[in-house]
Amino acid sequence: MERNPLTRRISVASGKEPADTVVKNGRIIDVFNGEIIEGDIAIVDGYFAGVGQYDGKNIVDAEGRYVLPAFIDGHVHIESSLVSPSEFAKVLLPHGVTTVIADPHEIANVLGTAGIQYMLDSSENLPFDIYIMLPSCVPATSFENSGAILKAENLFPFYQHPRVLGLAEVMNFLAVLNAEDDMLNKISDAQQFGKKVDGHAAGLSGSDLNVYMAAGIKTDHESTTAEEAKERLRSGMYLMIREGTVAKDLQNLIPVVNKYNSRRCLFVTDDKHLDDLVLGGSIDHNVRLAINLGVSPITAIQMATINAAECFGLSDKGAIAAGYKADFSLVEDLDTLNIVHVYKDGKAVVQDGKLVTDCSALHKNSSDSLKNSVHFDDLIKANLDIPLSINKANIIEIIPNSLVTRHIVEEVDTCYQGFFQPSTSADQLKLAVIERHHFTKQIGLGIVKGLGLKYGAIATTISHDSHNLIIAGTNDDDMVLAAKTIKEMQGGLVVIKEGQILASLELPIAGLISDRPYREVYTCLNNLHIALEKLGANNHFNPFLTLSFLALPVIPELKLTDKGLFKVSSFEHINISSD
């Protein structure tokens, strides 16, 4: 008869049996009392069996280092890293992150349920826990064309999967407010299974937040001001404090955190590019930044561990205590948070800052349905003509390091035929969003200010949330070549100057994800950044990631979809001419 694993765990906890591993001479972060304690840490079968005095078959000498629970990212789109789940794990483990709550919203907008299944399959049996929140809004709105439509009945079967925790960011507020059947069914299905429901309350306040809470939506990661953060906490929501590549909200929100509400706050990255993850880190970066801004180290660690675990009902994660998963890190000090060793399920996965475990994916899905997703008719220059009735236009103005844009009206240049002419001196560039899923021939055109390009064009198939092809440029010839190059690559990023391809990165999986090792992708990204400098791009933010959010019609103020210029406040398309 097979022995109950609890029997051995109890036996080790009581000292009747030696542990598999005992960590000695460590300063342990007690996330429950907010204290630093000392003692031996007993580990058996991947779980902590206790803190006290223990013997074990294997002894790990912490050498006076701090022992803290491994970090948890409470909300992330893995697709934004541009690499597969297994490569993503390789990047995050050295940063002390062993668990993420992922929303495969991006790949689902291209491939539907096949995209969700890919993310589940390709993250199976990794020394890294990837939990999934099911995409709630595919498409995000009816104001754009996406690759798929997911109804409640399409999502329902996934709730049987043990790593599916609930319904991801509900960004279609109007569907909730108007109690639309499909949205309510999605929320009800999640609640029926005892699952969580994430929010996306960009720009919402007052009674609108009450609507979310009444619907059972208990989190939000879209706060950008201290007052918004306070209001969400006051409403009973968990406050997700985001620090990604474009959206950097931590500095604005962290003053809200105090001894009364800190346990309702957690850290997320949402969207973070691979180069930022490699160089700056993931949730460890959030923790360091919070500490530098005056948050006590233990509070910041709580926010990155036990708070996130409790928010999502992960009852065996986020703490160093008996019965919890033995996911932890050894760090030199609590200010710089220099992560030396990382353990997952009681086994070393990072030693001296280097990955020492195999993160190879056991499941590889390279079917045509995943790798052949970029479909549009060849672009010609006439497709990019923007006729203007007057020389004043509605323009999308970029706010550096923000998903929010400004709606401005400025005088623009036109040719003798009355078509808009880009102006590098006024930083007014042409913007195009081309439907790339179903050959609809739909092309949305607009004007963008703030990218700072002096030459050429840039293009990508990463354009949230429907991930149509988006191109910004100083001239039509380079924009046409950018579109042609993207089509030949079947998705990716490209930089064009004077008819030459300066740099590119192929993303063949749904036009969003590379099938290459992360180090190769990282090299390509560096080449893209060098190429962007040759175009004179604004170096105060990531131009490609900023570009990818200019098509997102659920974030204020003005955006561009494949159906045209979109004013978020009134939820309507508007003319480019400011009549």
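**Pockets, cysteines and a strand pair**

The largest pocket of this predicted model is lined by 25 residues, and P139, A140, T141, S142 and N172 lie nearest its centre.

Trainee: Which element gives the largest share of the lining of the largest pocket?

Mentor: Look at the elements that give two or more residues to this lining. They are helix 6 (173-177) and helix 7 (181-192). The largest share is three residues, and it comes from helix 7.

Trainee: What is the volume of the largest pocket?

Mentor: Start with its lining by class. There are six polar and six charged residues, against 13 nonpolar ones. The volume of the largest pocket is about 450 Å³.

Trainee: Which residues are closest to the centre of the largest cavity?

Mentor: The structure holds three cavities of 30 Å³ or more. The largest cavity has a volume of about 100 Å³. Of the 18 residues that line the largest cavity, the closest to its centre are E169, H200, D271, F549 and L552.

Trainee: How many disulfides does a search of the whole structure find?

Mentor: A disulfide needs two cysteine sulfur atoms within 2.5 Å. The sulfur of C265 is 11 Å from the closest cysteine sulfur, in C311, so that pair is too far apart for a bond. For the whole structure, the search finds a total of zero. C137 is in no disulfide either, and its nearest cysteine sulfur, that of C311, is 18 Å away.

Trainee: Why is strand 20 largely enclosed by the rest of the structure?

Mentor: Strand 20 covers residues 392-398. It is largely enclosed because, of its seven residues, the number buried is six.

Trainee: In strand 25, which residue is the bridge partner of I396?

Mentor: Strand 20 also pairs with strand 25 (residues 443-449). The sense is parallel, over two bridges. The bridge partner of I396 is V448.

Notes: Residues are numbered from 1 along each chain as its sequence is written. This is a predicted model: local features need pLDDT of at least 70, side-chain atom pairs count only at pLDDT 80 or more; totals for chains, interfaces and linings use all residues. Side-chain values use heavy atoms; hydrogens and water are left out. On a 1 Å grid over the protein atoms alone, a cavity is a set of points where a 1.4 Å probe fits but cannot get out, and a pocket is an open set with protein on both sides within 12 Å along at least five of seven lines; lining residues have an atom within 4 Å of a point. Grid points are joined across faces, edges and corners, and a volume is the space filled by probe spheres set on the points. Helices (H or I, at least four residues) and strands (E, at least two) are DSSP runs, numbered from the N terminus. Ala, Val, Leu, Ile, Met, Phe, Trp, Tyr, Cys and Pro count as nonpolar, Asp, Glu, Lys and Arg as charged, and the others, Gly among them, as polar. Buried means under 20% relative accessible area, exposed over 50%, partly exposed in between (1.4 Å probe, protein chains only). Two strands pair if DSSP finds at least two bridges between them.
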